[in-house]
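Let's take a friendly walk through this model together.

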There are 12 protein chains.
Amino acid sequence: MRIAVLNGPNLNLLGTREPEVYGTETLAQIEELVRATHQAAGVSIDWFQSNHEGALVDAVQSFADSADGLVINAAALTHTSVALRDALLSVGIPFVEVHLSNIFAREEFRHKSLLSDIATGLVCGFGSQSYVLGTSALLSHLKAK
Amino acid sequence: MRIAVLNGPNLNLLGTREPEVYGTETLAQIEELVRATHQAAGVSIDWFQSNHEGALVDAVQSFADSADGLVINAAALTHTSVALRDALLSVGIPFVEVHLSNIFAREEFRHKSLLSDIATGLVCGFGSQSYVLGTSALLSHLKAK
Amino acid sequence: MRIAVLNGPNLNLLGTREPEVYGTETLAQIEELVRATHQAAGVSIDWFQSNHEGALVDAVQSFADSADGLVINAAALTHTSVALRDALLSVGIPFVEVHLSNIFAREEFRHKSLLSDIATGLVCGFGSQSYVLGTSALLSHLKAK
Amino acid sequence: MRIAVLNGPNLNLLGTREPEVYGTETLAQIEELVRATHQAAGVSIDWFQSNHEGALVDAVQSFADSADGLVINAAALTHTSVALRDALLSVGIPFVEVHLSNIFAREEFRHKSLLSDIATGLVCGFGSQSYVLGTSALLSHLKAK
Amino acid sequence: MRIAVLNGPNLNLLGTREPEVYGTETLAQIEELVRATHQAAGVSIDWFQSNHEGALVDAVQSFADSADGLVINAAALTHTSVALRDALLSVGIPFVEVHLSNIFAREEFRHKSLLSDIATGLVCGFGSQSYVLGTSALLSHLKAK
Amino acid sequence: MRIAVLNGPNLNLLGTREPEVYGTETLAQIEELVRATHQAAGVSIDWFQSNHEGALVDAVQSFADSADGLVINAAALTHTSVALRDALLSVGIPFVEVHLSNIFAREEFRHKSLLSDIATGLVCGFGSQSYVLGTSALLSHLKAK
Amino acid sequence: MRIAVLNGPNLNLLGTREPEVYGTETLAQIEELVRATHQAAGVSIDWFQSNHEGALVDAVQSFADSADGLVINAAALTHTSVALRDALLSVGIPFVEVHLSNIFAREEFRHKSLLSDIATGLVCGFGSQSYVLGTSALLSHLKAK
Amino acid sequence: MRIAVLNGPNLNLLGTREPEVYGTETLAQIEELVRATHQAAGVSIDWFQSNHEGALVDAVQSFADSADGLVINAAALTHTSVALRDALLSVGIPFVEVHLSNIFAREEFRHKSLLSDIATGLVCGFGSQSYVLGTSALLSHLKAK
Amino acid sequence: MRIAVLNGPNLNLLGTREPEVYGTETLAQIEELVRATHQAAGVSIDWFQSNHEGALVDAVQSFADSADGLVINAAALTHTSVALRDALLSVGIPFVEVHLSNIFAREEFRHKSLLSDIATGLVCGFGSQSYVLGTSALLSHLKAK
Amino acid sequence: MRIAVLNGPNLNLLGTREPEVYGTETLAQIEELVRATHQAAGVSIDWFQSNHEGALVDAVQSFADSADGLVINAAALTHTSVALRDALLSVGIPFVEVHLSNIFAREEFRHKSLLSDIATGLVCGFGSQSYVLGTSALLSHLKAK
Amino acid sequence: MRIAVLNGPNLNLLGTREPEVYGTETLAQIEELVRATHQAAGVSIDWFQSNHEGALVDAVQSFADSADGLVINAAALTHTSVALRDALLSVGIPFVEVHLSNIFAREEFRHKSLLSDIATGLVCGFGSQSYVLGTSALLSHLKAK
Amino acid sequence: MRIAVLNGPNLNLLGTREPEVYGTETLAQIEELVRATHQAAGVSIDWFQSNHEGALVDAVQSFADSADGLVINAAALTHTSVALRDALLSVGIPFVEVHLSNIFAREEFRHKSLLSDIATGLVCGFGSQSYVLGTSALLSHLKAK
């Protein structure tokens with residue numbers, strides 16, 4: 001079983017800046033946590049981050065050939081990118097949407113996701129645990145098929 | 001550690017009616033699955049279901065005295081009950097919102113939850129696994145405090 | 001053939017209060033009129049009224065086991081109760097929506113029904129005749145199936 | 001007692017085209033069904049159909065002189081014709097609005113009728129039975145006056 | 001002279017929970033304050049609280065037979081209950097709407113009351129004094145009739 | 001100088017029906033009043049009424065060849081007919097919009113006219129005097145050019 | 001017969017500034033034109049202009065004691081002044097609304113008048129002739145009463 | 001203790017005009033009623049009325065230096081004056097909003113107040129008693145601080 | 001192969017009026033251009049224009065029996081006629097929507113077409129070439145079936 | 001070169017009240033800062049403040065005769081005064097809009113200015129520096145013409 | 001004559017994935033079809049595709065120097081990219097908007113294009129024929145200039 | 001002191017294309033103007049332009065390490081890029097938003113900026129002077145800290 005985890009704009013700053021707001025956990029540490037969680041089960045995990053919408057669309061297209069499913073934290077692009085939505089619709093493999101924070105407790109314009117209605121499911125609000133739960137949920141879903 | 005799981009209107013019909021739509025899993029079986037998941041960890045779980053908004057408000061108030069946190073699938077009341085929202089705000093203990101289906105892939109009026117912005121987090125779209133993930137997320141959150 | 005007629009909040013006041021506004025016909029008299037209409041045809045009729053949303057949800061669930069179809073005048077809950085809508089969707093038996101008054105000639109917020117789009121049909125504006133026509137329409141529909 | 005039944009655009013196609021969608025019953029057959037229903041009671045029935053809004057306005061004006069009440073299925077004009085609404089307001093005789101289908105279960109723009117709030121009542125969703133019930137309701141209403 | 005004071009969901013928690021937010025005054029203490037204010041004038045006061053919408057509708061109906069007027073703090077139901085509105089419209093006795101807090105200084109969805117336009121008047125924002133002023137205003141209004 | 005006065009749906013009923021609402025003045029009498037007003041000045045006046053939108057579009061097109069300007073009371077079509085607007089835009093001769101009643105004191109949907117922004121001016125609310133004032137204003141406007 | 005003509009903010013600039021836009025006719029010249037029109041009929045005319053909303057409210061109140069009716073060009077206050085609307089409602093004498101330009105052919109926010117629905121009628125788009133027609137209409141209306 | 005009562009446009013007309021609508025009580029009589037109510041308690045009361053928004057802003061600024069709190073019936077300016085809101089925000093002393101009528105039972109545009117969310121509280125719908133209750137509530141609030 | 005081209009209100013004025021705005025090409029010349037384009041291929045073309053909505057509905061119904069597909073420029077009716085939409089839905093043959101101008105570069109109310117979502121496709125903005133391209137596209141579509 | 005600086009309601013309170021919120025700088029000190037900035041360049045500066053909309057309209061009209069350009073901080077009237085907008089449009093001299101605070105970081109209703117689209121430019125968010133920058137920008141603009 | 005055809009995100013997947021949904025025609029095959037259509041006429045065609053908004057903006061800028069006109073299928077960016085709109089506005093050469101599918105028959109958010117109102121024209125709904133028709137229309141338009 | 005100036009899509013075209021619309025000043029000349037303004041004060045200035053949203057996000061992140069503050073003209077991305085907003089929020093250094101034109105005098109969709117409410121301030125409408133004023137304002141703000 002092989003899955004890919006895609007990360008959107010500004011997530012590369014996690015933990016290295018404003019630790020009092022975002023905590024001291026870096027994206028690399030979250031990657032390690034996710035890999036450790038699924039190591040015993042022999043799951044192969046691809047990890048990707050970019051600040052460019054086009055690069056994320058490219059990534060969705062290429063990982064669709066090699067992975068069984070995707071977990072995506074599209075960050076700011078969650079709310080604006082029809083292109084990312086179309087890429088996910090086109091490749092048609094299952095994906096789970098995750099967010100570190102509870103997007104419904106933040107600004108109004110973050111309450112609307114362009115991805116939620118085509119996702120298998122959504123996990124948000126649990127910090128790095130959102131990634132752990134999201135990848136677990138994806139694997140359960142893939143096994144059940 | 002003690003948590004309560006609250007279930008709203010019509011969830012008592014799960015599995016006993018229209019199995020081709022909702023599957024054959026009953027609410028009692030989901031309860032068993034949740035209990036089994038956390039048995040080893042010695043977590044105490046209270047389980048409650050009602051078709052009455054007032055009874056759910058009463059339950060939130062009373063479980064707030066005995067439980068460390070709540071998991072709630074408010075079903076139809078998710079979208080209409082300010083009273084349930086106020087009860088959860090008043091008692092002030094952490095709660096996680098769960099849904100069997102992906103509410104963002106259903107009718108427009110189900111996209112707005114009156115509970116999401118005051119919840120610790122949200123899990124939806126994974127069937128009975130939403131309960132497993134939601135209770136796990138709540139327990140992680142309670143331990144981290 | 002067996003049908004159930006469900007009545008929502010405040011309909012118990014019909015005829016006993018403000019006769020200059022609502023007429024002198026009581027809900028019991030409407031019940032008698034409906035029973036008399038269908039007596040010859042040997043139709044069995046269950047009659048129910050409650051001011052509690054939860055009690056009406058319970059009633060939809062239980063009558064669904066014994067009746068062939070429902071006629072419902074949900075009164076104020078017509079416009080606010082997603083729970084009642086979900087109960088009717090879950091049990092999946094045919095139902096006809098009736099109203100004593102023409103709801104489209106009243107306040108704006110009464111123009112939108114949460115039940116109309118899933119009903120077999122709608123009859124409104126004919127006073128107690130709405131019940132007679134609605135139960136007749138339901139029986140025609142059941143026979144045609 | 002004399003009533004007129006008015007039918008709007010495209011209803012002349014009923015039954016002669018796309019029977020898998022609209023059934024095989026023609027407008028002429030519905031007319032026969034309505035006439036048969038009220039024959040014994042000696043009710044005189046005028047029947048009219050046109051694809052032209054202006055012709056329907058003319059008809060409302062002229063039938064208002066000869067009939068005691070109207071039954072109208074304005075079809076598409078239900079949602080757009082202020083002129084038809086004004087004609088019905090001007091002549092001031094009772095009318096009942098009917099539709100073959102449940103207009104609330106169709107596209108959004110069919111949920112709003114420009115006639116409902118000035119009608120005596122509304123019957124929709126019962127196929128040709130809507131005409132039978134609608135004319136019966138009109139006759140009951142006329143007798144009660 | 002006899003009046004009834006009705007209290008909606010979660011008001012039973014007043015003063016016993018989160019005193020730093022809602023103060024230490026309980027609903028029982030507010031009841032005592034109101035009784036003391038009008039004792040000398042020989043006013044009879046009925047006091048009622050429930051978390052159930054249906055129970056409040058029942059209460060409006062039954063108190064309408066025994067009381068000259070009502071004071072109601074519908075709490076969360078202020079913004080969602082058409083059934084409560086209909087009950088108050090049906091019984092037709094005068095009522096005054098009160099709120100402890102200034103509802104216009106809180107969340108957007110609390111700015112719209114389903115009761116204000118049919119109330120005699122509205123008092124809000126003065127804590128327990130809102131009850132004292134609201135009952136006084138109701139009594140003045142009843143005497144002036 | 002030659003002008004045409006166009007009248008929309010249902011205006012043919014003026015004065016002959018419901019005199020207690022619309023007065024006893026007929027459209028023919030208004031025509032006489034307008035002709036009498038401008039007789040001395042030698043103004044030639046064409047008068048037209050139809051319940052058909054298409055006939056009014058035809059009339060705008062044909063009168064544009066013979067008249068110097070138009071006065072139009074489009075009645076219900078004021079609020080719905082883009083075709084009439086386009087006809088008036090296409091022929092490009094000056095026109096004045098008139099209404100017997102004050103359309104801003106009637107239903108919400110009558111507050112928006114599809115003709116006002118392309119008219120020379122608007123006169124409404126003065127009964128048959130609206131026609132007298134409107135034709136006078138048109139003639140002043142034509143002379144000033 | 002005595003009428004008053006009230007003029008709102010910036011109308012004092014008419015004709016003295018930007019003649020290429022607003023023409024060379026001053027407000028004093030319009031006043032002369034209106035006086036000349038009604039001189040023979042012995043109509044007494046009061047004329048008032050102010051840039052202050054409060055001064056116009058004062059004027060409505062005081063002229064209501066001496067005049068039989070008002071003609072008002074409220075200029076910019078047409079679209080924003082509830083106080084002017086309330087003054088006109090309070091004094092309750094007939095008034096006609098006039099505008100030099102066709103307000104429906106200008107910016108969106110000028111399409112809505114706070115005065116139109118309580119006016120006897122409206123005349124707009126005919127330059128200074130709007131005042132001549134508006135005062136004539138008011139006098140006809142006063143005579144007809 | 002010293003308070004000021006401010007009154008907005010057209011309130012000077014109270015009682016002297018249209019007594020069948022607004023009653024025969026004048027603003028001066030309301031002033032006397034308020035003074036009489038608080039005389040025994042030695043409260044000093046300043047009373048002010050103007051039809052000018054600017055004069056009311058000036059009054060808010062000057063009374064803020066001499067008074068402990070304000071009661072304001074801004075009348076029409078309640079719904080349009082950001083300047084009055086800003087004046088009240090700037091001076092920062094407590095104020096209570098009052099209205100003679102129930103503004104929620106009147107036209108739509110009177111349902112929104114620009115002052116309510118920054119007021120201590122709101123009293124409306126009790127005629128001159130609104131002033132008595134509002135000044136009493138303000139004094140209780142000032143004493144409690 | 002046989003197709004029909006339908007033209008809505010005011011298109012009969014093309015080229016004969018205001019040539020500086022609409023060009024000098026008449027509807028007859030466009031008809032000739034279309035016939036010439038498809039002459040070699042032996043396509044039979046019916047051409048129809050009317051200012052009457054009802055006549056266009058009649059035409060859609062009758063051409064549906066003789067033609068393989070339709071090209072329609074509904075002009076103003078594009079934005080208002082549900083009857084035309086229903087006619088096209090009822091007859092169920094393929095049709096292409098064309099416009100001479102780019103409707104998205106014109107007034108807001110012309111941006112919404114009631115026909116686009118049920119058309120095979122849309123061509124607009126190319127003047128008479130829109131007809132040439134639209135008929136070619138229809139023929140390609142018919143051949144591909 | 002001569003310019004005028006106009007200040008709207010409540011700006012006279014600057015610095016004398018609530019220094020912890022608005023700072024200790026008075027409007028007189030800002031005036032001095034602006035005068036000092038442009039003294040060397042020999043710019044003549046008129047300075048004006050009023051709480052009255054009408055007085056500001058008068059000021060715009062009179063300064064338009066003596067000044068080359070205006071700088072205006074309309075305060076609360078920025079969002080409500082069509083009269084001020086019309087005055088600025090009528091006199092037609094260049095003006096710059098300034099605000100002490102960043103109006104886009106404040107309440108929603110302050111985000112819309114009725115002046116911005118007709119101003120030469122806008123400067124906001126820099127405290128008293130907004131006046132320095134705004135007057136400098138106006139002078140640059142006037143010299144460039 | 002030289003034209004460029006620009007293709008937006010995910011169009012590179014055409015035909016190579018989900019042939020049952022999008023058909024088996026690849027973007028390369030559409031390119032060949034377009035080249036073949038215009039080969040005889042000696043038209044030079046540049047072809048470009050990218051998943052990056054910035055790369056498409058760069059392309060619009062650079063092709064504007066070498067091409068006479070553009071044909072653009074912006075895919076998802078049609079609905080979100082103001083940058084692409086600004087690029088097309090800046091370079092100011094004619095362009096035609098094309099879509100494979102009928103965007104008006106798809107999701108609501110695809111009905112609004114940010115490019116249509118500044119395009120020469122629009123062709124959509126004819127699959128690869130949309131490109132053939134769109135390039136032909138552009139060439140006709142360029143020749144007519 | 002070191003600041004960075006960031007420029008969004010299509011600004012590289014300034015001055016080299018359509019000089020009659022945008023003037024003949026290039027972005028390089030604006031850069032020189034800004035550098036010259038602050039040269040004497042020894043301010044170090046980084047200058048950056050890109051048509052790619054991702055590249056601008058990268059730039060915000062990297063300049064945040066080397067600069068004391070940013071000036072940003074995000075051009076089209078001002079209205080669509082949540083990613084740029086998040087980048088600016090994440091790095092947390094002061095920034096000033098500038099625009100060459102008065103964005104409030106342009107199309108509706110340019111009136112809303114996703115950056116204004118988190119900026120220190122905004123300068124727009126003064127052409128290249130907007131950059132001079134914006135960088136000066138930023139330096140004043142940095143010195144004041």
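Helix H2 of chain B covers residues 27-39. Its 13 residues reach 18 Å from the first C-alpha to the last, close to the 18 Å expected at 1.5 Å a residue, where the expected span is 1.5 Å times one less than the number of residues. Helices here are DSSP runs of H or I with at least four residues, strands are E runs of at least two, and both are numbered from the N terminus.

This is a predicted model, in which local features need pLDDT of at least 70 and side-chain atom pairs count only at pLDDT 80 or more, while totals for chains, interfaces and linings use all residues. Residues are numbered from 1 along each chain as its sequence is written, chains are lettered from A and ligands numbered from 1 in the order in which they are written, and side-chain values use heavy atoms, with hydrogens and water left out.

Which residues of H2(B) are buried? They are B:Leu27, B:Ile30, B:Glu31, B:Val34 and B:His38. Buried means under 20% relative accessible area, exposed over 50%, and partly exposed in between, using a 1.4 Å probe and protein chains only. Seen down the axis of H2(B), these buried residues fall within an arc of 105°, so they line one face of the helix; the arc is that of the directions from the helix axis to the C-beta atoms. An α-helix has 3.6 residues a turn, so residues three or four places apart point the same way. The buried residues of H2(B) pack against strand S1 (2-7), strand S2 (44-49) and helix H5 (129-144) of chain B.

Now move to chain I. There, I:Ser128 sits in the loop between strand S5 (121-124) and helix H5 (129-144). I:Ser128 is buried, with a relative accessible area of 13%. Apart from neighbours within four places in sequence, I:Ser128 has contacts (heavy atoms within 4.5 Å) with I:Glu25, I:Ile30, I:Leu33 and I:Leu100.

The structure holds two cavities of 30 Å³ or more. On a 1 Å grid over the protein atoms alone, a cavity is a set of points where a 1.4 Å probe fits but cannot get out, and its lining residues have an atom within 4 Å of a point. The largest cavity holds about 90 Å³. Helix H3 (53-66) of chain A, helix H3 (53-66) of chain K and helix H3 (53-66) of chain L each supply at least two of its lining residues. The second largest cavity has a volume of about 70 Å³.

How values were computed
1 Å grid on protein atoms, 1.4 Å probe; cavity = no way out; pocket = protein on both sides within 12 Å on 5 of 7 lines; lining within 4 Å. Points joined across faces, edges and corners; volume = space filled by probe spheres on them.
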